[in-house]
Amino acid sequence: MATSAVPAAIDALLEILRAAPALADVQIVDGPPVEDQSVPDQLFVGWQPGEGESASLLQDFAYAGARRRDENGVINCWIDCWTGDADIRPRRQRAFALLAVVEEALRASDAAREAPTLNGTVQWSQLAAGTLRQATTDQGARAGLGFTVSYFARI
């Protein structure tokens, strides 16, 4: 029996995002950056700059008898859109367009019946929160969009 749904939920989220056709030109990274940071569009699962945790969880007994537990979890993610020019508006728009693709990938549809359950690893998941960070430097404009995917699981 698994002690937490976190590892399977992160793996399933990565699988769902990597399978999304609208994210085919986005570098999807498991965890923190380890490669070239000059890639125009990146999506990090299990990492946000400045955050200490990749994911968090809170468990409690599901019912009397203590045989099952309920887990509420949060997976931290980050979208990074960069370009060499100084116009931040297109980067911000691109970051939110990518966030819309993530949200759509997590919704149930005929083609993705298991998406909200992260392919059956949790009972439900959703895009829960977001934070925009913008910067313009001598290397160009960058928009970063931190977001969380929350879930509920019974383990």
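## Legends to the close-up views

**View 1. N119 sits in the loop between α2 and β5.** This is a predicted model, where local features need pLDDT of at least 70, side-chain atom pairs count only at pLDDT 80 or more, and totals for chains, interfaces and linings use all residues. Numbering starts from 1 along each chain as its sequence is written, and side-chain values use heavy atoms, with hydrogens and water left out. Element names follow DSSP runs numbered from the N terminus: helices are H or I of at least four residues, strands are E of at least two. N119 is not a glycine, yet its phi is positive, near 55°. Most residues other than glycine have a negative phi. With 35% relative accessibility, N119 is partly exposed. Cut-offs on relative accessible area: buried is under 20%, exposed is over 50%, and partly exposed is in between (1.4 Å probe, protein chains only).

**View 2. L118 also has a positive phi without being a glycine.** The phi value is about 45°. L118 belongs to the loop between α2 and β5, the strand of residues 124-137. Its relative accessible area is 0%, so L118 counts as buried.

**View 3. A108 is an exposed residue of the loop between α2 and β5.** Its relative accessible area is 54%. Contact means heavy atoms within 4.5 Å. Setting aside neighbours within four places in sequence, A108 is in contact with R113 and P116. A143 is 35 residues from A108 along the chain, and the two C-alpha atoms are 28 Å apart.

View 4. Residues up to four places away are not counted here: I28 touches L14, L17, R18, L23 and L43. R18 lies ten residues from I28 along the chain, with 6.8 Å between their C-alpha atoms.

**View 5. Helix α1 covers residues 6-19.** It has 14 residues and reaches 20 Å from first C-alpha to last. That is close to the expected 20 Å, taken as 1.5 Å times one less than the number of residues. Which residues of α1 are buried? They are V6, A9, I10, A12, L13, L14, I16 and L17. An α-helix has 3.6 residues a turn, so residues three or four places apart point the same way. Cover for the buried residues of α1 includes strands β1 (27-30), β2 (41-45), β3 (55-61), β4 (69-82) and β6 (140-154), along with helix α2 (88-106).

**View 6. The whole chain, for orientation, has two helices and six strands.** Their order along the sequence is α-β-β-β-β-α-β-β. The radius of gyration is 17 Å, close to the 15 Å of the globule rule for 155 residues, so the chain is as compact as a globular protein of that length. The radius is taken over C-alpha atoms; the rule is 2.2 Å times the number of residues to the power 0.38. The C-alpha trace spans about 60 × 35 × 25 Å along its principal axes. Buried residues make up 41% of the 155. Of contacts between residues at least 6 apart in sequence, 63% join residues at least 24 apart. The accessible surface is about 8200 Å², 51% of it from carbon and sulfur atoms (Shrake-Rupley method, 1.4 Å probe; for residues, only the protein chains shown count as cover). There are 13 positive and 20 negative side chains, and the centres of these sets lie 5 Å apart. Lys and Arg count as positive, Asp and Glu as negative; His and the chain ends are not counted. Charges are placed at NZ of Lys, CZ of Arg, CG of Asp or CD of Glu.
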